[in-house]
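Here is a briefing for a reader new to this structure. Start with the view below, then read the points by topic.

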Amino acid sequence: MTHPIEARSITAGYGKDSVIDGLSVAVPRGRITALVGPNACGKSTLLKSLARLLPVASGSVLLEGSDIHALPTREVARKLGILPQSPIAPESITVGDLVWRGRHPHRRFGQRRTAADDALITDALLATGTAELIDRPVDELSGGQRQRVWIALALAQDTPVLLLDEPTTYLDIAHQFEVMDLLGDLNEQTGKTIVLVSHDLNQAALYASSIVAMRAGRIVHQGAPEQVLTEETVADVFGLNCVVVPHPRTAKPQIFPLGRRTLTQEK
Amino acid sequence: MELITRVTSVDPTLRDATLARLRADRRARSRRTVLTVSVLVAALVALLVASVLLGGVGRVEPADVLPAAFGMRTGLADYMIFRIRVPRALAALLSGALFGLAGALYQRLVRNPLATPDIVGISAGAGAGATTVLLLAPALPLGAPLAAVTGSLVLLAAVYALSLRGGLNTYRLVLVGIGLSGVCTAYTNYLFSVADQHSIAVAMRWLIGSVNGVDWTGVTTLAVGLLLCVLCAARLGRPLSSMSLGDGLATGLGTSVPAARVAVLALGAGAAALATSVVGPIGFVSLISGPIAARLVGADRAFGVAPFVGAALVLGADVLAQNAPLISPVPTGVLTALLGAPYFVWLILRRRPGATS
C-alpha cells in the first residue's frame with residue numbers, strides 16, 4: 001500500500017548542518033497527523049522536506065509512491081498543498097485576490113479563470129468564515145482573520161494532502177479551535193490527509209488521530225494520541241514532568257505540566 | 001469543488017451572494033485598471049503629438065506635418081519631422097516603457113517599492129562601458145550602446161556569481177550590487193580624470209541620458225526589445241505573483257522559485273540595459289514608475305501598468321526638456337531627475353516604519 005506522503009531515510013537541513021538525519025516516516029492516508037516535539041527538534045524541517053520546500057541531501061520523499069523531486073512542481077502542487085509558518089501578504093492585495101492564487105497550479109498559461117475556480121474560491125471563503133472580507137485588503141485584517149484567509153488559500157488549492165506549519169500560532173484560543181474544527185471537518189468529510197506541526201499537545205491529542213513525536217532530528221514515538229501522549233513519553237521527548245488525564249468529555253489524553261513551582265502549590 | 005461544499009452545507013443563497021460579490025469586486029478593479037491604461041494611452045498619444053509639433057514646425061507647412069510623420073515627404077519636412085522629431089518621441093516612449101517594466105519586475109521580485117535594476121549595478125555597468133568607448137575609442141561606430149550593454153551584462157554576471165553562494169539571496173544580491181557599482185563608478189571617474197575636455201563633455205551628456213539624436217535604428221532596437229521583454233514578462237506574471245507570497249508558499253503553489261528568480265533578474269536587467277544602450281541611463285524612471293502605477297491601480301496590479309507610466313514619464317519629461325521656459329533645451333535625464341528625485345524622497349518619507357513591501 002502506498003502512502004500519500006512518505007519520507008525514506010532523508011537527511012535535510014540548512015547549509016552544511018543537517019537537522020534531520022536518516023529519518024523515515026509514512027503519513028497515514030485520510031487522517032490528521034500532528035508533528036510534535038521541542039524547539040529545534042526538526043519538525044518544521046521535516047514538514048518542509050515533505051513539501052519539497054527544502055531539498056533532501058540524501059534519501060527520498062515519495063508522493064503517492066513517486067519521488068517528489070522528480071515530479072513537475074506544478075503537478076505536485078495539484079496534489080499537495082503547504083501553508084508555511086509566515087507567508088507574506090503583498091501590500092494592498094484583497095482577500096479575494098489572495099485566495100484566487102490558490103488556483104494557480106490548476107491553470108495553464110494564459111488560461112482564464114473558470115466558473116469552477118470561482119465556485120471553489122467562494123467555498124473556501126465560506127468554509128473559513130472570511131466571505132465577508134472579500135474586498136478588504138489583507139494587510140488591514142486582524143491576525144485571526146489573516147490566518148483564516150491563508151487557510152482559505154490552501155483550501156482553494158484543493159489538494160488531497162495538506163501540510164500546515166503551526167496553523168494556530170498567533171491565534172486566540174477561540175480562533176485556534178475554530179481553525180482546528182475546520183481542519184477536522186475537512187478531514188472527516190472529504191478524507192483529506194492533513195499533516196500539521198503543533199506546539200499544543202492537548203490540541204494535537206483532541207484533533208489528530210496520529211501523533212509523531214520528534215527529538216533531536218529523530219522520530220522517537222509515533223502512534224495514536226493514547227499511545228504517544230503518556231507521562232513517560234512527554235518526559236522523554238520534552239524533558240517535562242506532567243500528569244496525563246483523560247479529557248472529561250472525549251477521554252482523549254490531556255497533559256497537565258508539572259513545572260518546578262507547580263508542585264510547591266500542591267494542595 | 002464538492003470537496004468543500006460537502007463540508008460546509010452552506011445556504012445556497014449565501015453562496016450565490018458571495019460568488020456575486022467576488023465577481024463584482026474583481027470587475028470593479030479590472031475596470032479601474034482598464035480605465036487607467038486608457039487614460040495613459042490617451043496621454044501618450046497627446047504627448048507624442050505635442051513632442052512632434054511643439055517648439056515650432058518652422059517652415060514646414062502644417063499640411064505636411066502628418067504625411068511627413070509617416071515618411072511621405074522629402075526635404076526639410078522629412079528631415080525635421082521624420083528624421084528628428086518622430087524617432088525622438090518614439091524613443092522616449094519605448095525606452096520609458098522598458099525602464100518602467102524593468103523597475104516593476106525588480107520591485108515585485110525584491111518586494112520593495114524602491115528596487116530597480118540599478119541595485120545590481122545596471123546603470124553603473126552601462127556607464128563604465130559607454131564611458132570607456134566614448135573616452136578611449138570615440139570613433140567606434142555603435143561603440144557606446146554596445147559597450148553599455150556589455151558593461152551592464154558583465155556587471156550583472158559578476159554580481160550574480162558573487163551572490164550565489166549557498167543559494168541566491170536577494171539581500172546579498174543588493175549589497176554585492178552596491179559594492180560593484182561603486183567599483184564601476186570609481187573606474188568611470190578615473191577615466192574622466194585623464195580624458196580631454198571635449199570627450200568629457202560627450203561622455204557626460206551620455207551619462208545624463210537623453211533621447212536627443214536617436215535615429216530609426218535606435219527606435220527599431222527599442223521596439224523589438226520591448227516586444228520581446230513584454231512577451232517574456234507575461235510569461236513570468238504568474239510566478240511573480242506567487243513569489244510575492246514568499247518563497248515557501250510560491251513553491252507550494254507550483255512555482256520553480258530559483259528558475260523564476262533568475263529569469264526575472266535577467267529580464268529586468270536586459271530591459272534596462274537595452275534602453276540604457278540607446279538613450280543612456282535616464283534617471284529615476286525605473287524607480288518611480290512602479291510606485292506611481294501602484295498608487296493608480298493598487299500594488300497587486302501595478303506590474304502591467306508600470307510600462308505605460310514609464311513611457312508617459314520619459315515622453316512628458318522630454319517634451320518639457322525641449323520646451324520648458326528658461327531651461328530648455330536640456331537632456332531628458334535632467335528633467336526626469338528633477339521630477340523623479342523629489343517624488344522618490346516623498347515615497348521614502350511616507351513609508352510606514354518596518355514596511356516590507
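In which sense do strand 4 and strand 5 of chain A pair, and over how many bridges? Strand 4 (residues 58-63) and strand 5 of chain A pair in the antiparallel sense, over 2 bridges. This is a predicted model, in which local features need pLDDT of at least 70, side-chain atom pairs count only at pLDDT 80 or more, and totals for chains, interfaces and linings use all residues. Residues are numbered from 1 along each chain as its sequence is written, chains are lettered from A in the order in which they are written, and side-chain values use heavy atoms, without hydrogens and water.

**The sheet of chain A**

- Four strands of chain A form an open sheet in the order 2-1-4-5, with antiparallel pairing. Strands are DSSP runs of E with at least two residues, helices are runs of H or I with at least four, and both are numbered from the N terminus. Two strands pair if DSSP finds at least two bridges between them.
- Strand 2 (17-27) and strand 5 (66-67) of chain A each have a single partner strand, so one side of each lacks a neighbour in the sheet.
- Strand 1 and strand 2 of chain A pair in the antiparallel sense over 7 bridges. A:Tyr14 has A:Asp17 as its bridge partner in strand 2 of chain A.
- These two strands form a hairpin with 2 residues between them. In the turn, A:Gly15 has a positive phi of about 65 degrees.

**Where chain A meets chain B**

- 52 residues of chain A are in contact with 42 residues of chain B. Contact means heavy atoms within 4.5 Å.
- The two chains bury about 4,200 Å² between them, 58% of it on carbon and sulfur atoms. Buried area is the accessible area (1.4 Å probe) that two parts lose on being put together, summed over both.
- There are 7 salt bridges between chain A and chain B. Each is a side-chain nitrogen of Lys or Arg within 4 Å of a carboxyl oxygen of Asp or Glu.
- One of them joins A:Asp118 and B:Arg23, at 2.9 Å from N to O.
- Helix 2 (73-79), strand 6 (80-83), helix 3 (95-100), helix 4 (115-127), helix 5 (143-156) and helix 6 (173-190) of chain A each supply at least two residues of the side that touches chain B.
- Helix 4 of chain A gives the most to that side, with 11 residues.
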